Amino acid sequence: MTRRKLVVGNWKMNGARVANVELLDALKQAGPFVAETAVCAPFPYLADVALSLQGAEIAWGAQDCSAHESGAYTGEVGAAMLAEFGCRYVIVGHSERRAYHAESDQLVADKAKTALAHRLTPIVCVGETLAERETGQTDAVVKRQLSAVIHTLAHCISQVVVAYEPVWAIGTGRTATPEQAQAVHALLRAQLKAASEKAGEMKILYGGSVKADNAVALFAQADIDGGLIGGASLKAGEFAAICRAAG
Ligand code: PEP
C-alpha cells in the first residue's frame, strides 16, 4: 500500500499578520510538493491564511476545536465555524493541550467526532512523556489514547490522521530515532487494523523535533506517512525542505 505522504505545520501560538503572509508566499514559491502539505495556524489568522493559500496546493487547518456544536462555551471555536471558512484539518489532543488544558482521552475523542461531523479531518495526537517511556509504558499509553478515539468514532476511525508525538521530543531538539518511531507507528497501525479494514490507507504522522536533516530517515520508515512539524514550520526554507524530504 503506497500512501501519499502528508506534512503539516503546527505554528502553535506564533505568527503575526505580515510575517504570516511572507512565510506563506515563500512556501508557495518553494512548492508545489509531491507530498500533501498543510499549515495549522492560530484562530485569528485562519481567514488570512485561507486567502493567502487560495489556488495554492497547500491546505490549512486549526490547532483545536470544541467538542460542542455551539452555545455557551466562552472562548471555544466550533468545528462548524472552521468548516464555513474552508478549513481542511484540525489538530486534536496535542500534548500541549492535554498537559496545559487537562484534556482527557475522551474529550480528545469527542473533539475528533465533532470535527468529522463537519467534514474536517482530525489530526489526532498521541504520545508518551519521558517518564512514561523510561518506565516502559509507551505502548500502553499510546494504545489507551488511540483506543478512546477508536471507540468513539467506530467505523469512521479510518477518516482520521493519527500523529505520534513523543512528548519528550516536542520542541526539545531530541528526536525519536527512526527505529523508535517506526516501532510505535507499527503498534498504532496494528491497533487501527483491528478496528478498520481501511487501516492500511490511513496516515500516521511522526512529530517531535523534525528538521530537514532528520526528516528523510524518519519518512523512509514503513509506517511513517509524513510529519507534524512545530518549530521548523515557522521557517519557510526549513519547512519546504521537510516537505521535499517527504516527496
Ligand atoms: C508539534 O508542535 O507538534 C511539534 C512536533 O513541535 P516541534 O516540531 O517543535 O518539536
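**Inside the chain**

Of the 247 residues in this chain, 54% count as buried, where buried means under 20% relative accessible area with a 1.4 Å probe and only protein chains considered. This is a predicted model, in which local features need pLDDT of at least 70 and side-chain atom pairs count only at pLDDT 80 or more, while totals for chains, interfaces and linings use all residues. Residues are numbered from 1 along each chain as its sequence is written, and side-chain values use heavy atoms, with hydrogens and water left out.

The chain has 10 helices and 8 strands, which are DSSP runs numbered from the N terminus, with helices (H or I) of at least four residues and strands (E) of at least two.

Let me turn to strand β4, residues 89–92, where Tyr89 and Ile91 are buried on one side and Val90 and Val92 are buried on the other, so that both faces are covered. In a regular strand the side chains alternate between the two faces of the sheet.

What does β4 pair with? Strand β3, residues 59–62, pairs with β4 in the parallel sense over 2 bridges, and β4 also pairs in the parallel sense with strand β5, residues 121–126, over 4 bridges; two strands pair if DSSP finds at least two bridges between them.

Key: Buried means under 20% relative accessible area, exposed over 50%, partly exposed in between (1.4 Å probe, protein chains only).
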